[in-house]
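Student: I have a model open and want to learn how to read its features. Where do we start?

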Amino acid sequence: MQTQIITWDTSEGYKPDELEKAADILKSGGLVAFPTETVYGLGCSGFDEDAAKKVYEAKGRPSDNPLILHIADREMLDDIAVEVSDAAKKLMDTFWPGPMTLVFLKNDKVPSTVTGGLNTVAVRMPAHAGALDLIRAAGMPIAAPSANRSGRPSPTEAAHVIEDLDTHVDMIIDGGSVGIGYESTILDMTALRPVILRPGFITAQMIEDVIGGAGDDGIPEYSSVSGDQSPKAPGMKYRHYAPEAELTVVRGDDSQVCSKINELVRQFPSDKTGILTCDERIDLYDYGVVLSIGSEKDNTLGQSMYGALRKFDSLGVTRIYAETFFGTEHEDALMNRLMKAAGGQVIDLEDYDKLIFVCKENVTISPMAEWIMRSIVMDRSIEICSRGLVVLFSEPINQKVINVLSAHSVPCEELSSRLLRDEDIDEHTLVITMAFTEKVKLIENYKLKEHVYTLKEFVGLEDDVYDPYGGDDAAYENLYTELKDLLYKLKKRLGWQ
Ligand code: TXA
Ligand code: MG
């Protein structure tokens, strides 16, 4: 297929004949890639099943991963979504047009191919004059995933789209570099309490400031993908945003991170080794290919992240070390994308001297984790223990846990559950929960601000740890197998002996 590439220079306004041409392609079931304020989207008619199939094909995207519908005004929402809550209205009033996608129950008019078979639909109104003009000219909602091949970093300039999709789409509109540089925040509005399915430029705090008081206490939850149930944002289960080079994130204080990266890169040829930093620290590196993800100062941090990942590949860099960007306003979104791009590969420079595994009752999963971890960590200066969040009185550890551990010759001595207390934790304690809800409780009830992760999150995966509750011996054996694998990863991540 011949792909038409046209340039829309915003400073010159939009040429009416080209706008019409692009809208005609969309109306007749074709594909047009266009810029938004977040990343470039690959658009097709939101009501056309065959066009949606073409989008999946062009991207190489699994068909259970739904598309976002882009609208230009609130009337369009009535055609695609039902049961729009007051909280959703407040959010739309505040953040639309803008980088926020809301998930609603879908109207029958939206074909299920577009929503990956779900009965919900994700909708957003982009804050980009060209995108809005295009949607208006097409006269219907435009379904648009990011305009990259599935698994590649999202495109933040037309050259990236051309790299991935040339000859696979009808038209690519070059509108220059995008403003934000990573995808919108996705918020599920079908739950009693809004749930953030994908962090983005609109942060949990910004959302809470608008709808605080809704649900339990107004704080939007982050979603966890649990058990065999399909994740709420199906796209989040796939490895994403990844460069071809091997990417490792180095976590710790800025100065520690800098000197560690400088030390690491020198083991490799300088033209094959990359460093991902920000404008403020770029001068601290003098070896390797050094690229910035933007500036910490003016809310443009992240703008050049995907572009940099692509650039490393095009320069033939095979190994990248990235700084962490914790402590910045958009850290959730940035670190979410970076960790996914790294496939969870992290070097941790924090010097923890205590590790606490936490689960609800401290009778099954967390004690098993404690004893496996003790058996695989040889460094005796590290204290390893486990605690529960709901322990009214001390109970014996689950006999099935003891059986499985003995079968694998893992010693376990402490045989009763204990409640987690504030004094169990200091600034050198790493707290690892087994499920996402437990992490939320630690943040809310124990006011923990840092060093608290779910086990799978810490090793770069999603999901809660498998819960064998009510299962037979085999279920507990499965738990053992899963924990052992995860704990070896945890040990590796921490660089422990
Ligand atoms: O900023 C953005 O959101 C960009 C621009 C182009 O608008 N779009 C984008 O689309 O990032 P995409 O397809 O790359 O990511 C859409 C995400 C996927 O993770 C998908 O699973 C999730 O949205 N999603 C779509 N519909 C959903 C639904 N009904 N329920 C839950 N998640 C949904
Ligand atoms: Mg995408």
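Tutor: Start with a loop. Asn 362 sits in the loop between β18 (354-359) and α11. Keep in mind that this is a predicted model.

Student: What is the phi of Asn 362, and is the residue buried or exposed?

Tutor: First the general idea. Most residues other than glycine have a negative phi. Asn 362 has a positive phi, near 60°. Its relative accessible area is 2%, so Asn 362 is buried.

Student: How do I read a helix with one buried face?

Tutor: An α-helix has 3.6 residues a turn, so residues three or four places apart point the same way. Now take helix α2, residues 49-59. Its buried residues are Ala 51, Ala 52, Val 55, Tyr 56, Ala 58 and Lys 59. Viewed down the axis of α2, they fall within an arc of 165°, so they line one face of the helix.

Student: Which residues of α2 are exposed on the other side, and what covers the buried ones?

Tutor: Asp 50 and Glu 57 are exposed on the other side of α2. The cover over the buried residues includes β3 (41-45) and α6 (158-165).

Student: Which residues touch the most others in the largest nonpolar core?

Tutor: That core has 68 residues. Leu 42, Leu 91, Leu 102, Phe 104, Leu 134 and Ile 173 touch the most other members. Apart from this core lies another, of 38 residues, including Ile 365, Val 401, Met 434 and Tyr 476.

Student: What does Leu 102 touch?

Tutor: Leave out residues up to four places away in sequence. Then the contacts of Leu 102 include Trp 96, Val 121, Leu 187 and Met 189.

Student: Next, a sheet. What is the strand order in the open sheet of five strands?

Tutor: The order is β15-β14-β16-β13-β17, and the pairing is parallel. β15 (289-292) and β17 (346-348) are at the edges with a single partner strand each, so one side of each has no neighbour in the sheet. From one strand to the next, the twist averages 20°.

Student: How many bridges join β14 to β16?

Tutor: Four bridges join β14 (residues 273-277) to β16 (residues 319-322). In one of the pairings, Gly 274 has Ile 320 of β16 as its bridge partner. Helix α8 (residues 254-265) lies across β13 (246-251), β14, β16 and β17, at about 145° to β13.

Student: How many disulfides does the structure hold?

Tutor: Check the distance between sulfur atoms. A disulfide needs them within 2.5 Å. The structure holds zero disulfides. For Cys 359, the nearest cysteine sulfur is that of Cys 385, 12 Å away. Cys 359 counts as buried, at 6% relative accessibility. Cys 385 also counts as buried, at 8%.

Student: What touches Arg 374?

Tutor: Arg 374 lies in helix α11 (residues 365-376). Beyond four places in sequence, Arg 374 touches Arg 380, Ile 384 and Cys 385. At 27% relative accessibility, Arg 374 counts as partly exposed.

Methods. Residues numbered from 1 in each chain as written. Chains lettered and ligands numbered in written order. Predicted model: local features only at pLDDT ≥ 70, side-chain atom pairs only at ≥ 80, totals over all residues. Heavy atoms only, no water. Core = buried A, V, L, I, M, F, W, Y, C linked by side-chain atoms within 4.5 Å. Buried < 20%, exposed > 50% of the residue type's maximum accessible area, 1.4 Å probe, protein only. Contact = heavy atoms within 4.5 Å. Pairing = 2+ DSSP bridges. Helix = DSSP H or I, 4+ residues; strand = E, 2+ residues; numbered from the N terminus. Axes fitted to C-alpha atoms, helices over the stretch in contact; angles between N-to-C directions. Arc of directions from axis to C-beta.
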